Amino acid sequence: MEVKTGDFVLPGDFLATAEEFVPGEGAYEENGNIYSSTVGMVLVDIRTKKISVFPKTKTPPTLKIGDIVIGRVEEVRDQFLTVSIAALVGNENRELPPPRLALIHISKVQAGFVKDLSKLFKPGDIIKAKVLNAQPELIQLTTIGRELGVLVAFCSRCRSPLDREGNKLRCPSCGSVETRKLSVHYRQEVAK
Ligand SMILES: [Zn+2]
């Protein structure tokens, strides 16, 4: 496996062999290999064996309040987490330069009081979030709402993508049970 979820790739980049995976959106198969057909972010779904690339589009970078973005959690601190924004959702005419760092304050993670941010997010998680403040020097996001939150989480022991079981996540490889601030679309969609 050459690439992993969250990687940025270019058209023609090798993603995986067709023995291991099937091409999803933004990917194609040629001579037994799967390649990216676009500039974008990789999503590897181990369960469905599908590898997809969610495109970045071609006009000048802008970000507006209310935009929905996909990003990767970089760091989880006491009062906030940082997220690198990878893609805008549902808008094919705008692009973001990779990577743009944004911040989610502990008060904007979910409705109600949050005691421990590290129980809701881990570095490497792929999340869906909404833009609260679009100033270039400080992009602020929120994950309050059912649609928003973690889309793909990885085991903190062995890095396997975690399976959802009710409100918890379980590692299919090592059995570790973890919690996150889950989106209702956990491992169902990324760029809709
Ligand atoms: Zn594990």
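The protein chain has zero helices and 16 strands, where helices (H or I, at least four residues) and strands (E, at least two) are DSSP runs numbered from the N terminus. This is a predicted model, in which local features need pLDDT of at least 70 and side-chain atom pairs count only at pLDDT 80 or more, while totals for chains, interfaces and linings use all residues. Residues are numbered from 1 along each chain as its sequence is written.

**Confidence**
- The mean pLDDT of the protein chain is 87, and 90% of its residues reach 70 or more; pLDDT is the predictor's confidence in each residue, from 0 to 100.
- Among the elements of the chain, the lowest mean pLDDT (87) belongs to strand β1 (residues 8-9), and the highest (97) to strand β16 (residues 177-178).
- Where pLDDT is low, the predicted coordinates should not be read in detail.

**The chain as a whole**
- Of the 192 residues of the protein chain, 35% count as buried, a residue being buried if 20 or more other C-beta atoms lie within 10 Å of its own, exposed if 12 or fewer, and partly exposed in between, with C-beta atoms placed from the backbone.
- Among contacts in the protein chain with a separation of 6 or more, 55% are between residues 24 or more positions apart; two residues are in contact if their C-beta atoms, placed from the backbone, lie within 7 Å.

**The sheet β2-β5-β4**
- Three strands form an open sheet in the order β2-β5-β4 with antiparallel pairing, and two strands pair if DSSP finds at least two bridges between them.
- The edge strands of this sheet are β2 and β4 (27-30), each of which pairs on one side only.
- Strand β2 is joined to strand β5 (residues 33-36) by three bridges, and the two run antiparallel; Ala16 stands opposite Ile34 in β5.

**Thr17 in strand β2**
- Thr17 lies in strand β2 (residues 14-17), and Thr17 counts as partly exposed because it has 13 C-beta neighbours inside 10 Å.
- Leaving aside neighbours within four places in sequence, Thr17 is in contact with Gly32 and Asn33.
- Thr17 and Tyr35 are 18 residues apart along the chain, and their C-alpha atoms are separated by 8.8 Å.

**The sheet β14-β15-β16**
- A further open sheet of three strands has the order β14-β15-β16, again with antiparallel pairing, and its edge strands, β14 (163-165) and β16, each pair on one side only.
- Strands β14 and β15 (residues 168-170) pair in the antiparallel sense over three bridges, and Arg164 stands opposite Leu169 in β15.
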